[in-house]
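Hi there,

Here is the structure I promised to pass on to you.

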Amino acid sequence: MERKVYLENKPYREALREYLDALKNLKGSLVMEAEKVPVHKALGRVTAEPVTARNSVPHYHAAAMDGIAVKAEDTYQARETSPVVLTLGDNAVEVDTGDPLPPWCNAVIMIEEVQFLDDRKVEIAAAASPWQHVRAIGEDMLKGQVIVPVNHTLTPADLGAVLAGGNLEVRVRRKPRVAVMPTGTELVLPGNDLKPGDIVEFNGTVISSFIYQWGGEPEIQPVTEDDERLLRERLVAAVEKYDIVVINAGSSAGREDYTAKVIGELGQVLAHGVAIKPGKPVILGIINKTPVIGLPGYPVSAALTAKLFLRPLIYAMLSQREPEAKEVEAVLSRSVHSPLGMEEFVRVRLGQVEGKLVATPLGRGAGVITSLVKADGMLVLDRLSEGRLAGEKVKVQLMRDPGDIRRTLMVTGSHDMSLDLLDNLLRTRYPGYSVASSHVGSLSGLVALANRECHCAGTHLLDPETGEYNVSYVRQYLGDRAVLVNLVYREQGLIVPRGNPKQVRSLEDLTGEDIVFINRQRGSGTRVLLDYELRQKNINPRNIRGYRREEYSHLAAAAAVKNGTADVTLGIKAAAQALGLEFIPVAKERYDLCIPGDYLDKPLVKKLLSVIRSEEFRRQVEALGGYDASQSGTIIWRPGEEE
């Protein structure tokens, strides 16, 4: 039987507009009905009608200052040279701030301007004007006045004003109840022991948290296995009970992807497939006038499509406009290519360097949830373009506070596990400051530093001619503009599974016919070290199976050994220990941070160096295993000096 892959491939804005219009035509209105809630529980709720004052505030003439209440006309003759004497209890009354004024008073004289002559007599040296220092009836609000309008999101100050106006309850839009249905036989709840093929169900929590932020009331449903009959039963029940139903996973065109089929049989599918990446196989459907949205299973796709389609629906049901994304202009540090006809959403890290914002693209895999954790912003590539080039100015939608971005130190270059420790310690010692590291390899890091796209570069490049680390490369790419600060010395070696089943003992063993190797990317210090050692031992890389297969971090390469897709890799001892693998030493190397000399006095860099030179950093990094932090923070080399 022929299987339909996607019904359409519409631009997402067109698909969204048609979807909302179809819902409005069916329902008459998308806006939720009103309900009454106590004022103290109404924070963030949307008013369903104007809230008016049931009483004036203040509801009496009140003293605005401590002092004496008087009739202004009795003070008109007062001068510095001829003060007026008033009598307490007769034509003057002592008052405190907030006290009601006697009916015959229309002014207050501050206590600082009153001279007490005795227990009853007071002297003033300046005339009072009518209603000075008096809060007249209704100064804040008058009875019947609108305090907050309809379709207004209530703030803490609003709640205070509503209560002051005599209201104990407010009529607000009922929150849309949203069923979140995770699907997939492979899903297991967090906390369970995992076996191969199991996937922890966390998308439900991510989607529900977004719904809560956007003003909805989410309820995560039990996991529905890949069973068409069970999905149909649960979907029918959910449509009757909830205002929106969200089905996560099963939206594509695989053998067990039933979502589009079931929605189409129970109602109608208005869109199955939109021209976005990631998130193409989103489903927009309606069953019995209830919106049903099928989100892809990959976490980045699920989060993105929820924002693009679920958020505007919730805001429409609350009669609210979506907040506009804050955009900034940034310089793209690396070229990004995109297929023509697809609007692509690229997660980026942002850092302020030399007064400009630099955007560094993160991993673009739809299954990499940590790319959303690390992202500072989103670069949207138009569907009529094929990407953007390095050095171009681009618009980035902010996902993080601009102040936090200004306090982020950008480290680009080689990966090292101590960078994560550095970030944590910097955040602890200097709250609000952070380290953002991009793992592109030592050479690419030096190039980025030369282009002023980061604050420092992590590097461990061995010069095969001299046997020294980093200096010749820094001279080549940065001339005399930078210094080398040691971060750590570390052990590099062969990483193999527990028990070393293939009996790998040395680099010579990598040429074995049954050995599968996984390499680091070209330009990385580890790759340079490997090539140097292979040349020293006259080993031809072509004889190593997997030499051309690359990973971008020590942990990623070690993970390939851990999960059995490779038998061995070259990496640092700390990565082997972190994943419970065995380690065979090959070399001890120096890992430095290359920092422009004129950056050393910048507050960001000074804070970083203070952390690197701390005993706490040395203690924690050496506890990882395979590290020597005795020289951490030492300037190893300056221009004009020999190593």
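Three strands make up an open sheet here, in the order S6-S4-S7, and their pairing is antiparallel. Strand S6 (93-95) and S7 stand at the edges with a single partner strand each, so one side of each is left without a neighbour in the sheet. From one strand to the next, the twist averages 35°. Please keep in mind that this is a predicted model.

The pairing can be followed residue by residue. S4 (residues 67-70) is joined to S7 by four bridges, and the two run antiparallel. Gly67 has Met110 as its bridge partner in S7. S4 also pairs with S6 in the antiparallel sense, over three bridges, and there the bridge partner of Ala69 is Val93.

Strand S7 (residues 107-110) deserves a look of its own. Ala107 and Ile109 point one way from S7, Val108 and Met110 point the other way, and all are buried. In a regular strand the side chains alternate between the two faces of the sheet.

There is another open sheet of three strands, with the order S5-S9-S8 and antiparallel pairing. Its edge strands are S5 (84-87) and S8 (114-116), each of which pairs on one side only. Neighbouring strands in this sheet are turned by 35° against each other on average, direction ignored. S5 and S9 (residues 121-124) pair in the antiparallel sense over four bridges, and Val84 has Ile124 as its bridge partner in S9.

Now to the helices. Two packed helices are described by the angle between their axes and the distance between the axes. For helix H3 (residues 203-213) and helix H6 (residues 299-317), the angle is about 30° and the axes are 10 Å apart. That makes H3 roughly parallel to H6, since angles under 35 degrees count as such. H3 passes H6 in a right-handed crossing. On the H3 side, Asn203, Ile207, Phe210 and Ile211 take part, and they meet Pro299, Ala302, Ala303, Leu310 and Ile314 in H6. The residues of this contact divide into eight nonpolar, one polar and no charged.

Helix H10 (residues 442-450) and helix H11 (residues 471-478) form another pair: their axes come within 9 Å and cross at roughly 35°. H10 also passes H11 in a right-handed crossing. The contact is made by Leu443, Leu446, Val447, Leu449 and Ala450 of H10 together with Tyr473, Val474, Tyr477 and Leu478 of H11. Which kinds of residue make up the contact of H10 with H11? They divide into nine nonpolar, no polar and no charged.

Helix H15 (residues 603-612) is mostly covered, with seven of its 10 residues buried. The buried residues are Leu604, Val605, Lys607, Leu608, Leu609, Val611 and Ile612.

Is Leu409 buried or exposed? With a relative accessible area of 0%, Leu409 is buried. Leaving aside neighbours within four places in sequence, Leu409 is in contact with Leu604, Val605 and Leu608, as well as Ser434, Val435, Ala436, His455 and Cys456. The C-alpha atoms of Leu409 and Arg619 are separated by 22 Å, and the two residues lie 210 residues apart along the chain.

Definitions and conventions
Residues are numbered from 1 along each chain as its sequence is written. This is a predicted model: local features need pLDDT of at least 70, side-chain atom pairs count only at pLDDT 80 or more; totals for chains, interfaces and linings use all residues. Side-chain values use heavy atoms; hydrogens and water are left out. Axes are lines fitted to C-alpha atoms, for helices over the stretch in contact, and angles run from 0 to 180 degrees between N-to-C directions. Angles under 35 degrees count as roughly parallel, over 145 as roughly antiparallel, 65 to 115 as roughly perpendicular and the rest as oblique. A crossing is left-handed if the near helix is turned anticlockwise from the far one by less than a right angle, and right-handed if clockwise. Contact means heavy atoms within 4.5 Å. Ala, Val, Leu, Ile, Met, Phe, Trp, Tyr, Cys and Pro count as nonpolar, Asp, Glu, Lys and Arg as charged, and the others, Gly among them, as polar. Buried means under 20% relative accessible area, exposed over 50%, partly exposed in between (1.4 Å probe, protein chains only). Two strands pair if DSSP finds at least two bridges between them.
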